[in-house]
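Trainee: Please take one part of this model and go through it closely, with the cut-offs behind each term.

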Amino acid sequence: MTSGGDRRDELAAGLRDVHRRIAAAAARVGRDPADITLVVVTKTYPATDVLLLAELGVRDIGENRHPESRDKAAAVSTSLGDDAEPLRWHFVGGLQTNKAAAVADYADLVHSVDRTRLVAALARGASRRGRIVRCLVQVDLDPEGPRPGRSGATPANVPALADLIAAESALQLGGVMAVAPLDSHPRVAFERLLAVANRMREEHPGATDISAGMSGDLEAAIEVGATHVRVGRAVLGERPPLG
Ligand SMILES: *Cc1c(COP(=O)(O)O)cnc(C)c1O
């Protein structure tokens, strides 16, 4: 175990490095780095790391599993107290229908809406808390079409899903999200995502978010137009393998 001070230094160094990468990629395509939100994905890491990140100025935290995400958000909110600027919680993982309403209790953005049944459940969870949850449609960018076990709506199914989200008063249609398929060139995949995003924005002008890019491919995502990058390992270090 490293002590708190050492861990803070590690996280600060990781953040500096990622901010430099974001700035360099943005500069290459003439974008303002301030238009790119860094979501630090803290899955598998403890709430104490989230608190250190908050001290270091991070406002957007990503998590991928309920109920771990709920417990961490609750612990962090208690430690920060009422006077601190609240963090924004992004749920980025695969979502089970029977957990969607509970995720809408604390998530400010859900990046992984990929099927119609999730929409009603999220809306129910958000409205019973009087909250508005911003939802992104996760798109499957696999050119071979959907494969078993992969998440994401096919590009053809995105418009109907977007309309359904936009029709819910407790939800706000935010845009699109994707993970580059492992065996494809990320830039080619992200260009497909951009086409889906542009088509969505014609119908829904407020759907401006493009969530793409992780530790390994954030440059390609920013060069193609990502507004949100979701970065875990490059800030926090390699995760222990899931048991
Ligand atoms: C874990 C995860 C990330 C972050 O991945 P890193 O490779 O650690 O940067 C981003 N998006 C999703 C959906 C994830 O599950």
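Mentor: The second largest pocket has a volume of about 270 Å³, the space filled by probe spheres set on grid points joined across faces, edges and corners. A pocket here is an open set of points on a 1 Å grid over the protein atoms alone, where a 1.4 Å probe fits, with protein on both sides within 12 Å along at least five of seven lines, and its lining residues have an atom within 4 Å of a point. The model is predicted, so local features need pLDDT of at least 70 and side-chain atom pairs pLDDT 80 or more, while totals for chains, interfaces and linings use all residues. Residues are numbered from 1 along each chain as its sequence is written, and side-chain values use heavy atoms, without hydrogens or water.

Fifteen residues line this second largest pocket, and A73, S77, P86, L87 and W89 are the closest to its centre. Helix α3, residues 68–80, contributes the most to that lining, with five residues; helices are DSSP runs of H or I, at least four residues, numbered from the N terminus. By class, nine lining residues are nonpolar, two are polar and four are charged (Asp, Glu, Lys and Arg count as charged; Ala, Val, Leu, Ile, Met, Phe, Trp, Tyr, Cys and Pro as nonpolar; the others, Gly among them, as polar).

For comparison, the largest pocket holds about 730 Å³ of space, and 29 residues line it, with K43, N64, V92, M214 and R239 nearest its centre. The lining of the largest pocket divides into 11 nonpolar, nine polar and nine charged residues.

Key:
Helices (H or I, at least four residues) and strands (E, at least two) are DSSP runs, numbered from the N terminus.
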